[in-house]
Amino acid sequence: AGCRLVARLTRSLVVGSLLIVASVSLSSCGTGGAVADARRSCQSVDRALKLETQSRQPGITNGRRAQLQAQALSQLLKATPSAADATSIDGSWNPLMTTIGEAERVPIPELIPALRRLCRVANSSTPYL
């Protein structure tokens with residue numbers, strides 16, 4: 001009877017250990033998925049910021065400036081789905097999604113410092129907010 005009890009406890013410990021290892025592995029995959037989504041979002045953010053910078057160059061017409069700013073906003077809003085995906089996996093990416101969403105209400109130049117900081121984190125070797 002004592003041997004059966006030891007065997008049962010050993011099996012329980014092995015199963016429990018395997019469950020812990022599996023859950024840690026799966027959670028790290030999720031975090032990696034969130035980082036990949038944040039990085040994808042930041043690719044659109046980067047394109048948008050380049051367009052915004054072009055729109056502020058001296059010597060361009062008002063029409064061209066407006067066109068570039070509209071393209072920048074469109075490109076920035078394209079970053080929303082990936083930022084939302086990152087946030088749904090890991091809520092710490094919510095500042096990225098929220099800042100991108102503010103572009104519909106706040107002029108892009110006012111968002112540039114925050115967007116650059118958030119994307120610098122996403123693209124770093126330790127991408128955790």
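The largest nonpolar core has 26 residues, and those with the most contacts inside it are Val45, Leu76, Trp93, Leu96, Ile100 and Leu115. Such a core is a set of buried Ala, Val, Leu, Ile, Met, Phe, Trp, Tyr and Cys residues joined through side-chain atoms within 4.5 Å. This is a predicted model, in which local features need pLDDT of at least 70 and side-chain atom pairs count only at pLDDT 80 or more, while totals for chains, interfaces and linings use all residues. Residues are numbered from 1 along each chain as its sequence is written, and side-chain values use heavy atoms, leaving out hydrogens and water.

- Not counting residues up to four places away in sequence, Leu115 touches Val45, Leu49, Leu76, Thr99 and Ile100, where contact means heavy atoms within 4.5 Å.

**Threonine 99**

- Thr99 lies in helix 4.
- Thr99 has a relative accessible area of 13% and is therefore buried (under 20% relative accessible area, 1.4 Å probe, protein chains only).
- Beyond its neighbours within four places in sequence, Thr99 is in contact with Leu111, Ala114, Leu115 and Leu118.

**Disulfide**

- The structure holds 1 disulfide, a pair of cysteine sulfur atoms within 2.5 Å.
- Cys42 is joined to Cys119, with an S to S distance of 2.1 Å.
- The pair links distant parts of the chain, with Cys42 in helix 1 and Cys119 in helix 5, 77 residues apart.
- Both Cys42 and Cys119 are buried.

Methods
Buried means under 20% relative accessible area, exposed over 50%, partly exposed in between (1.4 Å probe, protein chains only). Helices (H or I, at least four residues) and strands (E, at least two) are DSSP runs, numbered from the N terminus.
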